[in-house]
Amino acid sequence: MDKTVFTEHLLLWTHIATQVALIARVLLRPYRDPSSRVAWVVVITLAPVVGMVAYLLFGEVRLANHQVRRLRDALARLPRPAGPDAPLPVEPYSPLFDVGRSINGFAPVGGNRARLITDSDETIASLVTDIDAACEHVHVYFYIWLDDRSGRTVADALSRAAARGVTCRVMADALGAREFIASPHWRTMQAAGVRVAGALPRGWPLIELFNGRLDVRNHRKLVIIDNALTYVGSQNCADAAFHIKPRFAPWVDAMLRIEGPVARQNQYLFIGDWQAQTGEAGDLHTLLEGPGPAGAMKGFAAQVIGTGPHVRFSAMPEMFTSLMFTARRELVITTPYYVPNGALHGALCAAANRGVATTLILPARNDSRIVSAASRSYYRSLLAAGVSLYEYEGGLLHTKSLTLDGQITLMGSANLDRRSFDLNYENGILLCDPATTAAVRAAQDHYIARSRRVTPEAVRAWPLWRRLWNNAIAMFGPVL
């Protein structure tokens, strides 16, 4: 056989063998949604070269072995934070906290109170005031930290706190906060005594490819002050103008400022991430021991939900679908990104179909055209089920909130998309309190007032090319 022909045959059969091997891996990979298997098989078959490379880069949720080991070892050494027993809500809501407990082992704790902040500038001002009043420690984690007025203001407050002897630990995602980590302000914080770390740093892509998936990110937004105060919600450390994507501004966010024992559950998440990233030993575990803040303060029951690739598969979508199936009268959700799995979309439609007043609020203009198209492919079935669907027109609605029957609230960093479900480290708080839920519900009404309602007639009037585009993109939702 001619040498050239032999080489061509060898390359062809090597290509086919690799393609078959990857398809077999897709089919045999555990904990994969069937629609995800179908999507990847189609991609690898129809676009073999691009598809195989894409699968190797993005097809599996893999962390570098040393990252997994360090995180699991760090969490295993930490005691679960205790706190005042919480009077559980009556049926049908108490099982929701059982779902939450199954994820992190956190029991709901009572004695919490909260204030909702829906203005980004007010959030930064409140955070700076609390940092300036800190006595013992300040722990801060943001996915995105920009070199803007808000970013610098928080950094200056942390430097002041460290200078007066407060222990300050700051962590930011190495990708999402790369601009600020590279700025002089990051080094200024270090010089002032603030301990800093970039989460999930990446080296050379070709080398990192063999260590783990490149786009696994820590998407959490966490602040814990003196073990008794915490912030949770959707806002990054950035101005609402969000200068890296200004044409979609303002970013519309909401944060809960919570005082009470549940702060120590957020502390557990932070310390686990911090120790896994930095290897710092010491006595951080003592922050999770003991009775916690004085139980004299009356307040509501709350529980932290922390998910990521290191916890069981589908933990976050389980939490969302449990909430949707529990709704009896009203369910209102805001999210910037809606690319659900089948179970979650079915649960949302089922709520409306059984007569629950179900509302979903999304941004009218999304910073991702791909995600926007995938989201809109679901509009027809949502409307057919009776979901009230709104598109917010006052900026990019970035708030991630869910209210249920005027009693239950879930707020945090997780979107209703597969990235939050399968890839990102996320955090949220589940609480039972009519007053706090009413405040969140009022914010949701404010969003509705600045939205246009999506009607079945408007969706039917979409041109053919738009429907083709939306549905074609949605086919690859499982690989987005």
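Predicted model: local features only at pLDDT ≥ 70, side-chain atom pairs only at ≥ 80, totals over all residues.

Trainee: Where in the chain do Asp173 and Arg217 lie?

Mentor: Asp173 is in strand S3 (residues 167-173), and Arg217 is in the loop between helix H10 (205-211) and strand S5 (222-225). The pair links distant parts of the chain, 44 residues apart. Helices (H or I, at least four residues) and strands (E, at least two) are DSSP runs, numbered from the N terminus. Both Asp173 and Arg217 are buried, a term that means under 20% relative accessible area, with exposed meaning over 50% and partly exposed in between (1.4 Å probe, protein chains only).

Trainee: How many salt bridges does the structure hold, and why is the pair of Arg113 and Glu259 said to tie together separate parts?

Mentor: The structure holds 20 salt bridges. In one of them, the side chains of Arg113 and Glu259 meet at 3.5 Å, N to O. Arg113 lies in strand S1 (residues 109-117) and Glu259 in strand S8 (residues 255-259), so the bridge ties together parts that are 146 residues apart in sequence.

Trainee: Why are Arg113 and Glu259 called partly exposed?

Mentor: Arg113 has a relative accessible area of 44%, and Glu259 has one of 26%. Each value falls between the limits for buried and exposed, so the intermediate class applies.

Trainee: What are the corresponding values for Glu318 and Arg312?

Mentor: The closest N and O atoms of Glu318 and Arg312 are 2.6 Å apart, in a salt bridge. Glu318 is partly exposed at 33% relative accessibility, and Arg312 is partly exposed at 32%. Elsewhere, salt bridges that share partners join Arg113, Asp130, Arg257 and Glu259 into one network.

Trainee: How do you know that Asn266 is buried?

Mentor: Its relative accessibility is 0%, so Asn266 counts as buried. Asn266 is in helix H11. With contact taken as heavy atoms within 4.5 Å, Asn266 touches Leu222, Ile224, Thr230, Tyr231, Val232, Val304 and Asn427, not counting residues up to four places away in sequence.

Trainee: What makes a group of residues a nonpolar core?

Mentor: The members must be buried Ala, Val, Leu, Ile, Met, Phe, Trp, Tyr and Cys residues joined through side-chain atoms within 4.5 Å. The largest such core has 46 residues, of which Leu256 and Ile361 touch the most other members. Helix H11 (residues 263-278) gives the most to this core, with six residues. A second, separate core of 45 residues includes Ala327, Ile333, Ala351 and Val356. In soluble globular proteins, nonpolar side chains tend to be buried together.

Trainee: What makes a space a cavity, as distinct from a pocket?

Mentor: On a 1 Å grid over the protein atoms alone, a cavity is a set of points where a 1.4 Å probe fits but cannot get out; a pocket is an open set with protein on both sides within 12 Å along at least five of seven lines. Lining residues have an atom within 4 Å of a point. The structure holds four cavities of 30 Å³ or more. The largest cavity contains about 110 Å³ of space. Of its 17 lining residues, the closest to its centre are Phe320, Lys400, Leu410, Gly412 and Ala414.

Trainee: Which element supplies the largest share of that lining?

Mentor: Strand S16 does, with three residues of the lining of the largest cavity.

Trainee: Why is Phe242 called buried?

Mentor: Phe242 has a relative accessible area of 5%, so it is classed as buried. Phe242 lies in the loop between S6 and S7, and its phi is near 45°, a positive value in a residue other than glycine.

How values were computed. Residues numbered from 1 in each chain as written. Heavy atoms only, no water. Points joined across faces, edges and corners; volume = space filled by probe spheres on them. Salt bridge = Lys/Arg side-chain N within 4 Å of Asp/Glu carboxyl O.
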